[in-house]
Amino acid sequence: QQPAIVGKRDKLLAAIAEQVEIADARTNGDQYCKTVNRKARDRDTGELKPVQTLSYPKAWWWTGDDGKTYLSLRYGKRLLELGAGNFAIQAPDGIAIADLLQQVKAAVMAGEFDEALSKVARFGSRSH
């Protein structure tokens, strides 16, 4: 058995890997999409059937009014609080967003976001 924080890190690392793919696609002038399995109701029979659809995940970064790029981290649908009231990282000038995501990935593997992950996951659970 692994500690619970390891599973939380793995979930965040998978989401970061997807964000790296989105950044790479945007760099190449493409749009990233993935195939997702869902269930849809058949109009004739009314039964649920498995269907494959395309999903276009949203990017975690944006350009602010000041022209600088900011990156927020998400655990599921919740934002990670990176500091006291701070929910975003300002990208240094001249660094690609994919490189910044790789640095964040290394920090997650080192355990630097464990406290924020535990806090967000605790409030997201239904057992509290």
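User: Which residues of α2 are buried?

Analyst: This is a predicted model, and in it the buried residues of α2 are Ile 97, Ala 98, Leu 100, Leu 101, Val 104, Ala 107 and Val 108.

User: What covers the buried residues there?

Analyst: The cover over the buried residues of α2 includes the helix α1 together with the strands β3, β4 and β7.

User: Which residue with a positive phi follows α2?

Analyst: That is Gly 111, which follows α2 and has a positive phi near 90°.

User: New topic: how many salt bridges does the structure hold?

Analyst: The structure holds 4 salt bridges. As background, side chains of opposite charge can pair when their charged atoms come close.

User: Which residue does Lys 34 form a salt bridge with?

Analyst: Lys 34 pairs with Glu 18, and their closest N and O atoms are 2.8 Å apart. The two link distant parts of the chain, since Lys 34 sits in strand β1 (residues 34-41) and Glu 18 in helix α1 (residues 4-27), 16 residues apart.

User: Is Glu 18 buried or exposed?

Analyst: Glu 18 counts as buried because its relative accessibility is 17%, under the 20% cut-off, whereas Lys 34, at 33%, counts as partly exposed.

User: What about Glu 81, which residue is its salt-bridge partner?

Analyst: Glu 81 forms its salt bridge with Lys 119, with 2.9 Å between the closest N and O atoms. Glu 81 lies in the loop between β6 (78-79) and β7 (89-90), while Lys 119 belongs to helix α3 (residues 114-124), so the pair ties together parts that are 38 residues apart in sequence. Glu 81 is partly exposed, with a relative accessible area of 25%, and Lys 119 is also partly exposed, at 37% relative accessibility.

User: And where does Asp 42 meet a partner?

Analyst: The side chain of Asp 42 meets that of Lys 49 in a salt bridge, at 3.1 Å from N to O. Asp 42 counts as partly exposed at 21% relative accessibility, and Lys 49 counts as partly exposed at 36%.

User: Last one: where does Asp 65 lie?

Analyst: Asp 65 lies in the loop between β3 (61-63) and β4 (69-71), and it counts as exposed because its relative accessibility is 88%. From Asp 65 to Gln 103, C-alpha to C-alpha, the distance in space is 24 Å, and the two are 38 residues apart in sequence.

Terms used
Residues numbered from 1 in each chain as written. Predicted model: local features only at pLDDT ≥ 70, side-chain atom pairs only at ≥ 80, totals over all residues. Heavy atoms only, no water. Helix = DSSP H or I, 4+ residues; strand = E, 2+ residues; numbered from the N terminus. Buried < 20%, exposed > 50% of the residue type's maximum accessible area, 1.4 Å probe, protein only. Contact = heavy atoms within 4.5 Å.
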